[in-house]
Amino acid sequence: MIIYSIIRNELTQQIRDKVIVSLGLLILLLLTVSVVSGINYYSEMADQHHQAEELARVQWENQGAKNPHSAAHYGTFAFKPVTAMSVFDPGVDRYTGVSIFLEGHRQNFAAYSLAEDKEASRRFAELTPAFIFAYLFPLFIILAGYRSVVGEKENGMYRYLKSQGVSTGQLIAGKTMGLWAVILLIYLPFLLIGCLFLLLTDSLGSNLTGFSLMVAVWLVYFGVIAHITIIVSTLAKSSGSSMVILLSVWIISTLLVPRLITNIASGIYPVPDTTQFYQAVRTDLLEGIDGHNPYSEHSVAFRDSVLTAHGVDDVADLPFNFRGMMLQEGEEFEKRIYDHHFAKIDEIHRSQIRLFSFSSILSPSIAARMTSMAAAGTDMHSFNHFSRKAEAYRIELMRELNLDLKIHAVGERAAGYAVGGEFFAQNLSFTYERPDQVFIDSSKIPPLIILLFWFGASAGILSVVARKEEVL
Amino acid sequence: MMIHIFDFEWRHIRTSGAFWGTAIILPLLIGFSLYLGSNRTTQHVETINELLATETAFYDDMRSQLEAIERGDAEVDAWFQNPANPLVLGQFGEAGRHIFLHPKPLAPLAAGQLDILPYYGKVTLTGLEPLRDNALENPFMQVSGSFDFAFVLVWLVPLFIIVMGYNVISSERERGTYSLLQSQPISIRAILFQKMIIRFLLVNGIIILSLIVWSVMFGIDLFNIQGLQLIVAISLYTSFWFALCVLFNLFQTSSAMNAVGLTGLWVFFLLIIPSVISLIVTSLHPVPSRALWITEQRTIQQAVQAEGDDLFDSWIVEHPEEFVEGDTPQFYNTWMRRFVWAQTVAEREHEAERQFEEPRKRQAQLASRLRVLSPPMTLQAWLERKAGTDTERLRSLEGEMRAFQQEWQEFFLPRFRRLEFLRSDELIHIPVSHKN
Amino acid sequence: MLKAEQLVKRFEDTVAVNRLDLEVKAGEIYCLLGPNGAGKTTTVHLFMGFLKPDSGTVKVGGIDVFENQLEARRRLSYIPEQLALYPNLTGHENLEFFSSLGSDPQGKKALELLLKEAGLQESAIHRKVSGYSKGMRQKVGIAIALAKNSKALILDEPTSGLDPEASNEFARLLTGLSKKGVAILMTTHDLFRARETGTRIGIMREGVLKREFKAEDVKHEELENVYLNQMRLSE
């Protein structure tokens, strides 16, 4: 009952505080603007990608009559999906390429990131819900709570309340819940806006898990900030020092540690530069079959082994097109080399991200941001999932082309063999579906665990502080 | 009297944690940022030198081969290995020139858009390829941004200033010394200004001193007009934040409210304004998705391919004396066609690029106008410009490459069209980018 | 030396000081008595120029406090009820700082002498103020006034919170100052101290100076009666 009165009193005071109310409304306004502008952006982008996807397929099918291997060189594109969830948390979305060129003999990087075309002020801050939650919301919580206990001490209410039979534990519990109530007062309208957006873009069903998870993650994060705020407010000597300590915590957690750690991480785990990378790939490629050069040592050895196996002396006497076979053999070899080198880069990226996610021990905001990105499907893991699917498609398409060449370009048809639109129309097409379990990946677990740890630890310390203050 | 206030203020300041925090942490942050910056720049210079060295080695090799052939000491195996062939010298394999945007003296101070946009590229007769030596960089790292001097100055220094200056007068009021001060024959404003001036001098001293010391250590050249401009810019920026502190201390507000208000302004200038500007700019002038561009490029290429022979024929009609008729090598006919097609594709693509170029330009213009609302954004833009890592300069790479390609083509194409091979003594006339 | 003429100060709908005429001559100690809310502190603040009067004038040695603030403050010293000094500086350093704000800095020895003259124990002079009692802090305040060589001293409740012995010592200091020709205006609740130390006494109520006496003309009991009468009237 006492706690209930304290909560109610706290809430009434906050609602009457003009600064708090206007800040709360400002945050709600920014959230609404960010989601509404996100709707436009999302539908436009989704539209354009859809168009591009269709056009790319049309272009593939209408590339004209040619040798299947020429078609392999002609290649096609895989387009990164535009997800509704990226409106809430764009994660790395702006920085990864929008499309991968799929061609024979080589794997390409995703090209053309949105960041290249965007104006540089975006690098200060981009108005998205995730940005507001990670940066502005904690400030709001700090502002609403930095005085909560120390303020009562300063104006003498603390002793008075105690004389009324209120224990410190009750006071702190009441203040904490009051702060939670204020947080929810702003957070719940956002949930409505968010659900409305997903409904409007017809993507609520497919994103329900992700959205709920994201919503929960941010709420846990706000809880951590609220607990820290009350702890500092209880222990601080004056409301001034409470404010300064909390602001320092905010700056270190949201600003300093993330930048510092990413830059340290890329120093500890450096990625090779592009020239070095391709040099290494080229060196390894020389060690195997070159589908284009029938005179290379490896190609000759392969040809001889095939001839021996079929008991003939000339490739022309083989029951299939040898070039088709050799191209496929080369393709598979090249894929192994590329896979090997890409895996190395991937491992470096993983190490960097691992270091970064462990640094969330120093910064709850890193933990929250990483988990939120994962929930939104805009983190590196989701992007890599897309790239792997695109690569899997590429190798299947190449196999189809080479197999056609191998089987059909035989005998008289071998010279000037060509396939037309009918064949290309039958080729596999690429549609990327993001699976739900993208999130469930071992590399995602640490930030989530660390975030929960922050929550538990901050709540624990809060209760210890409450008990300790009681003795005084 | 001013000296006296300084003296006493110093006695206060030297016992304050805020000051020692600033005096220790700020130089370390600046040092780390400059360390990263000088590493980045050194790496760029190395890349540039390596590429220039391979270029030189290639053309030296070509010349000695050609000399050997001219002396009769060697023979040409195939046309595509003939070092006298303009295609071999201007188009194939390692042939071609790299165009660089060389790091400016202040490049280590601001990474700018270097993590996104390339600073060099390769030009051949038909090729125009901006290269990124950091294409393998983790996109995740780009999200947080670089820890460069610009970041320390633009983002963190104001916070140190706020910590040093938020309670200069309000703390006197809270401590109770205010009324005694007020009863002295000097105005509170004068005291406030002098207290702020000493803090201003201290903070600037810390920044500039550590900037100079670290720069000397990491070999960054600041002893020039640019360095002077930088120091002026730093002073202006810190003055802005100190002025805000003065303003807050003039009002009869509590220290806590000052801290809240000043941090609020910091958030406003560094987070709210930029995010709103970026929202306005991108919604007023949206740049279409590059996904469309990719398919469009393909459409152009297919169209040119379809028009193939017609294009070439009409080119010959227009340039009759630039085509050698008759019994010419196969590669001549192939490549004559290819050059015409490549030219057409390049022109049409350049035209199509406008749908990105135009809104991008308008975005940049609008943003640079709105930027004045936020001194931090203005300073950031200025630093990037001085460092030569701003979008505009990095975007200029393509133009420079195009210009050089013109020069390159003017050297090789007429010779190729006349089927004229080069002599070894002509190789020294192969165009070199003036900037290198 | 200190002179207020027809002084009026309003705070929203209450009149804190109403048509006050008050003069303190050189060498006088004027004690302003009155209940809480009578307008004593407002009067002090008006004399110091911290507040702007709605009408009337305040002059120090003929100089208008409001029109020529800095000049007036050169002649004035002020000791607030809670005299706060910089806790992390010594008494000597505080004196050095505050005295240097107004006038030419004085030598270390001279300042030490002033502190001694103000009655501060020698051992405390170079200790940090954070360990000082209220009495010691006020002595530093007196020393600041001495250093400025001010013609007038204004004190707000100087003896509240002092033990009787310290209070006595303080009164002696004030008397010493007045003998040197300093005009002293102090507010107090302490009728006894006012009659002992003051040369003149004024009783204020609801912003109006109700009665004035010469200290030598009234006995303690009479003063107490008059004061209590005034209080009763206000109820």
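User: What makes chain B and chain A count as being in contact, and how many residues take part?
Analyst: In this predicted model, the contact takes 73 residues from chain B and 79 residues from chain A. A residue is in contact if it has heavy atoms within 4.5 Å of the partner, so these residues are the ones that pass the cut-off.

User: Why is the pair A:Asp117 and B:Arg360 called a salt bridge?
Analyst: The closest N and O atoms of A:Asp117 and B:Arg360 are 2.7 Å apart. The cut-off is 4 Å between a side-chain nitrogen of Lys or Arg and a carboxyl oxygen of Asp or Glu, so the pair qualifies.

User: How many residue pairs are in polar contact between chain B and chain A, and which helix of chain B gives the most residues to the side that touches chain A?
Analyst: The count is 22 residue pairs in polar contact, both residues at pLDDT 80 or more. Elements of chain B that give two or more residues to this side include helix H2 (17–71), helix H10 (255–284) and helix H15 (391–417). H10(B) gives the most, with 17 residues. By class, the side of chain B that touches chain A has 44 nonpolar, 20 polar and nine charged residues.

User: What makes up the contact between chain C and chain B?
Analyst: Chain C brings 25 residues and chain B brings 22 residues. The buried area is about 2300 Å², with 66% from carbon and sulfur atoms. C:Tyr86, C:Phe97 and C:Leu101 supply 27% of the area that chain C buries against chain B, more than any other three residues.

User: Why is the pair C:Glu93 and B:Arg11 listed as a salt bridge?
Analyst: The N to O distance between their side chains is 2.6 Å. Across the interface of chain C and chain B the rule finds two salt bridges, and the count of residue pairs in polar contact, both at pLDDT 80 or more, is three. Helix H3 (91–102) of chain C is among the elements that give two or more residues to the side touching chain B. H3(C) gives the most, with seven residues. That side of chain C has 17 nonpolar, three polar and five charged residues.

User: What is the radius of gyration of chain B, and what does the globule rule give?
Analyst: Chain B has 15 helices and three strands. Its radius of gyration is 30 Å, well over the 22 Å that the globule rule gives for 436 residues, so chain B is more spread out than a compact globule. Along the principal axes, the C-alpha atoms of chain B fill a box of roughly 105 × 50 × 35 Å.

User: How do helix H12 and helix H13 of chain B meet, and which residues make the contact?
Analyst: The axes of H12(B) (residues 330–352) and H13(B) (residues 354–370) come within 5 Å and cross at roughly 35 degrees. B:His350, B:Glu351 and B:Ala352 of H12(B) make the contact with B:Arg354, B:Gln355 and B:Phe356 of H13(B). These residues divide into two nonpolar, two polar and two charged.

User: Where is B:Arg393, and which residues does B:Arg393 touch?
Analyst: B:Arg393 is placed in helix H15 of chain B. Leaving out residues up to four places away in sequence, B:Arg393 touches B:Leu101, B:His102, B:Lys104 and B:Gly388.

How values were computed:
Residues numbered from 1 in each chain as written. Chains lettered and ligands numbered in written order. Predicted model: local features only at pLDDT ≥ 70, side-chain atom pairs only at ≥ 80, totals over all residues. Heavy atoms only, no water. Buried area = accessible area lost by both parts, 1.4 Å probe. Polar contact = N/O pair within 3.5 Å; in protein donor to acceptor, adjacent residues only side chain to side chain. Helix = DSSP H or I, 4+ residues; strand = E, 2+ residues; numbered from the N terminus. Nonpolar A, V, L, I, M, F, W, Y, C, P; charged D, E, K, R; others polar. Axes fitted to C-alpha atoms, helices over the stretch in contact; angles between N-to-C directions. Rg over C-alpha atoms; globule rule 2.2 N^0.38 Å.
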